[in-house]
Amino acid sequence: MRRELLRGEQVIVITRQQPRMLFGPVLAFILVPAAAAFACAWIVKGGPGKLLPLITGEWTQWLVGACLAIVAIVLLGYSLPAFIRWRGIRYILTSGRIVARFGMLRRDDWQVPLAAVRSVGIKQSLLQRILRSGNISLDTGHPGDTVLADVPEVGKFRSFILEAMAELPPSVRFGDGAGEFDGFAEYPNEALPWDVREGGSDER
């Protein structure tokens, strides 16, 4: 991120989405191999033959192989992709803009200058309220809000945004007062309002 910062711009906080999206994949990662191990032991001991006499010992290796294949499909086709998707999402707040990045192999991102933000709203479901996460919507005056989905510690993240907006240097402003931003400005070092708070406990 530092190589892409504007002159004098600083990173305030970096965070990821609330990891609740990993509940199902993690549960599958734990339970499916355990169930497969139990099934393999049952197969090796001749359990299928006791249920169906037609299943002889020649079926053992095929049945064990089927159990292992199911484990591989669940882990590689469900748990691992879900973790990679979660790991690839980052929300970055700097002293001048908000950046959202998506993907690890294929990268997508968008950014909003703080000077273009008119209001910052929060929407929470019941589960999100319990987990203290939520969706942050950024009103920029254009049709449709820009949304940061499932932000952890959503109230604290919004307060960071509002503080950064309040501390913007005078050189950053709306272009004509009608909601059109006239571009990113450079931040003189002596006017910087924030200490660097990159990473650390804020990164999830």
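Q: How many bridges pair E5 and E6, and in which sense?
A: In general, two strands count as paired if DSSP finds at least two bridges between them. Here E5 and E6 pair over 5 bridges in the antiparallel sense. The model is a predicted one, in which local features need pLDDT of at least 70 and side-chain atom pairs count only at pLDDT 80 or more, while totals for chains, interfaces and linings use all residues. Residues are numbered from 1 along each chain as its sequence is written, and side-chain values use heavy atoms, with hydrogens and water left out.

Q: How are the labels of helices and strands assigned, and how many of each does the protein have?
A: Helices (H or I, at least four residues) and strands (E, at least two) are DSSP runs, numbered from the N terminus. The protein has 5 helices and 7 strands, which follow one another along the sequence as β-α-α-α-β-β-β-β-α-β-β-α.

Q: Which residue of E6 is the bridge partner of serine 119?
A: The partner is aspartate 139. Serine 119 itself belongs to strand E5. Contact is a separate criterion, namely heavy atoms within 4.5 Å. Once neighbours within four places in sequence are set aside, serine 119 is in contact with Ser137, Leu138 and Asp139.

Q: Is serine 119 buried or exposed, or does it fall in between?
A: Buried means under 20% relative accessible area, exposed means over 50%, and partly exposed lies in between (1.4 Å probe, protein chains only). Serine 119 has 35% relative accessibility, and therefore counts as partly exposed. By contrast, serine 79, in helix H3 (residues 60-87), is buried because its relative accessible area is 8%. Beyond its neighbours within four places in sequence, serine 79 is in contact with Pro25, Ala28, Phe29 and Val74. Over the protein, buried residues make up 37% of the 204 residues.

Q: What is the strand order in the open sheet of 4 strands?
A: The order is E1-E2-E3-E4, with antiparallel pairing. E1 and strand E4 (108-113) are the edge strands, each pairing on one side only. The twist averages 15° from one strand to the next; axes are lines fitted to C-alpha atoms, for helices over the stretch in contact, and angles run from 0 to 180 degrees between N-to-C directions. Between E1 and E2 there are 4 bridges, and valine 13 has leucine 93 in E2 as its bridge partner.

Q: Where does H5 lie, and which of its residues are buried?
A: An α-helix has 3.6 residues a turn, so residues three or four places apart point the same way. H5 lies across E1, E2 and E3, running at about 30° to E2. Its buried residues are Val154, Phe157, Phe160, Ile161, Ala164 and Met165. They cover an arc of only 130° around the axis, which puts them on the same side of H5; the arc is that of the directions from the helix axis to the C-beta atoms. The strands against which the buried residues of H5 pack include strand E5 (119-123), strand E6 (133-139) and strand E7 (146-152).

Q: Which residues touch the most other members of the largest nonpolar core?
A: A nonpolar core is a set of buried Ala, Val, Leu, Ile, Met, Phe, Trp, Tyr and Cys residues joined through side-chain atoms within 4.5 Å. In the largest, of 23 residues, they are Leu93, Leu114, Ile136, Leu148, Phe157 and Ile161. H5 gives the largest share of this core, 6 residues.

Q: What span should helix H1 have?
A: The expected span of a helix is 1.5 Å times one less than its number of residues. For the 22 residues of helix H1 (residues 23-44) this gives 32 Å, and the end C-alpha atoms are 32 Å apart, which agrees. The buried residues of H1 are Pro25, Ala28, Ala36, Cys40 and Ile43, and they pack against helix H2 (47-51) and H3.
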